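Hello,

Here is the structure I promised to pass on to you. Have a look at it first, and then read my notes below.

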Amino acid sequence: CVKELIMQIERTKITVKPNGQFVIQGPVDLVDVEGNEIEHGPRFTLCGCSKSDNKPFCDGAHKA
């Protein structure tokens, strides 16, 4: 499939934000400690402060 080929060629970009968040853009497999895949979109933000109620994703709790 052409879409799968493009995703394989595309490089994943990880941006580290000042408050500890990690913005992920591009193809990546995200799994929990048991190896179960965690669904996500083509761009998402991971929590780096441990305050999120939606871990592993950032919910903005670091702003409080």
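A polar contact is a pair of N or O atoms within 3.5 Å; within protein, one of them must be able to donate a hydrogen and the other to accept it. Please keep in mind that this is a predicted model.

Let me start with the whole chain. Its secondary structure comes to one helix and three strands, and from the N terminus on the elements run α-β-β-β. Of the 64 residues, 19% count as buried. The chain exposes about 5100 Å², and carbon and sulfur atoms supply 52% of that area.

Now to Ser52, which sits in the segment after β3 (43–46). Is Ser52 buried or exposed? Its relative accessible area is 6%, and buried means under 20%, so Ser52 is buried. Which backbone atoms does the side chain of Ser52 reach? A polar atom of this side chain lies 2.6 Å from the backbone oxygen of Phe57, and the side chain also reaches the backbone nitrogen of Asn54 at 2.9 Å. Leaving aside residues up to four places away in sequence, Ser52 touches Cys47, Phe57, Cys58, Asp59 and Ala61.

You will find Phe22 in strand β2 (residues 22–25). With a relative accessibility of 33%, Phe22 counts as partly exposed. Together with Ile14 and Val16, Phe22 makes a nonpolar surface patch of about 290 Å².

Enjoy exploring, and write back with any questions!

Best wishes

Key: Residues are numbered from 1 along each chain as its sequence is written. This is a predicted model: local features need pLDDT of at least 70, side-chain atom pairs count only at pLDDT 80 or more; totals for chains, interfaces and linings use all residues. Side-chain values use heavy atoms; hydrogens and water are left out. Helices (H or I, at least four residues) and strands (E, at least two) are DSSP runs, numbered from the N terminus. Buried means under 20% relative accessible area, exposed over 50%, partly exposed in between (1.4 Å probe, protein chains only). Contact means heavy atoms within 4.5 Å. Patches are made of residues with over 30% relative accessible area and no salt bridge: like charges are joined within 9 Å, nonpolar side chains (Val, Leu, Ile, Met, Phe, Trp, Tyr) within 5 Å. Accessible areas come from the Shrake-Rupley method with a 1.4 Å probe; for residues, only the protein chains shown count as cover. A salt bridge is a side-chain nitrogen of Lys or Arg within 4 Å of a carboxyl oxygen of Asp or Glu.
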